Amino acid sequence: MGALDYISNFCTVTSTRSKRKPMQTVEIKVKMDCDGCERRVKNAVNSMKGVKTVEVNRKQSRVVVSGYVDPNKVLRRVKSTGKRAEFWPYIPQHLVHYPYVSGAYDKRAPAGFVRNVVQAYPSSNAPEDNIVSLFSDDNVNACSIM
């Protein structure tokens, strides 16, 4: 370590500015009944710093916010309008192995969506399970070993 390096440690300027939040998309479920509710939620979120786009779908009770924002602050801002809000709990049905497993099917979910729950997908790597799968139940005389 030279003398210039030693002196430069004292002369460095540290930035006190925080790093910019990453670009992200926040989906929130909000019950909206009329155009006024929709407009109130959209204006509340649009006025936040870092928001790039706001999409409101009243039929699905869904608000999608994209930008450099904190998801918890967006949720708090939506709740400040007097509406009950929560993060979007649904995922598309085609991404789920068992869409009708206990707790996944929800009557209030929009068409094509189910709740995001832990799936009981059988992913076994046990050798005895692999041996059992070598034989066919459809044709008992056939075997995949031959």
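This is a predicted model: local features need pLDDT of at least 70, side-chain atom pairs count only at pLDDT 80 or more; totals for chains, interfaces and linings use all residues.
Colleague: Which residues have the most contacts inside the largest nonpolar core?

Modeller: First, the terms. A nonpolar core is a set of buried Ala, Val, Leu, Ile, Met, Phe, Trp, Tyr and Cys residues joined through side-chain atoms within 4.5 Å. Buried means under 20% relative accessible area, exposed over 50%, and partly exposed in between (1.4 Å probe, protein chains only). Here the largest core has 18 residues, and Ile28, Val30, Val63 and Val74 have the most contacts inside it.

Colleague: Which elements give two or more residues to this core?

Modeller: Helices (H or I, at least four residues) and strands (E, at least two) are DSSP runs, numbered from the N terminus. The contributors are strands E1 (24–30), E2 (51–57) and E3 (62–67), with helices H2 (35–46) and H3 (71–79).

Colleague: What does Val74 touch?

Modeller: Contact means heavy atoms within 4.5 Å. Leaving out residues up to four places away in sequence, Val74 touches Val26, Ile28, Val45, Met48, Val65 and Val69.

Colleague: How many bridges join E1 to E3?

Modeller: Two strands pair if DSSP finds at least two bridges between them. Six bridges join E1 to E3, and these strands run antiparallel. Ile28 stands opposite Val63 in E3. E1 also runs antiparallel to E4, with three bridges. There, the partner of Ile28 is Phe87.

Colleague: How many aromatic pairs are there?

Modeller: A pair of aromatic rings is described by the distance of the centres and the angle of the planes. Rings of Phe, Tyr and Trp (its six-membered ring) pair if their centres lie within 6.5 Å; planes under 30 degrees apart count as stacked, over 60 as edge-to-face and the rest as tilted. The count is two aromatic pairs. Trp88 and Tyr90 are edge-to-face, at 5.2 Å centre to centre and 80° between the planes.

Colleague: Why is the pair of Trp88 and Phe113 edge-to-face?

Modeller: Their planes are at 90°, with centres 6.0 Å apart, so the pair is edge-to-face. Trp88 lies in the loop between strands E4 (85–87) and E5 (90–92), and Phe113 in strand E6 (residues 113–115), so the pair ties together parts 25 residues apart in sequence. Trp88, Tyr90 and Phe113 form one aromatic cluster.

Methods: Residues are numbered from 1 along each chain as its sequence is written. Side-chain values use heavy atoms; hydrogens and water are left out.
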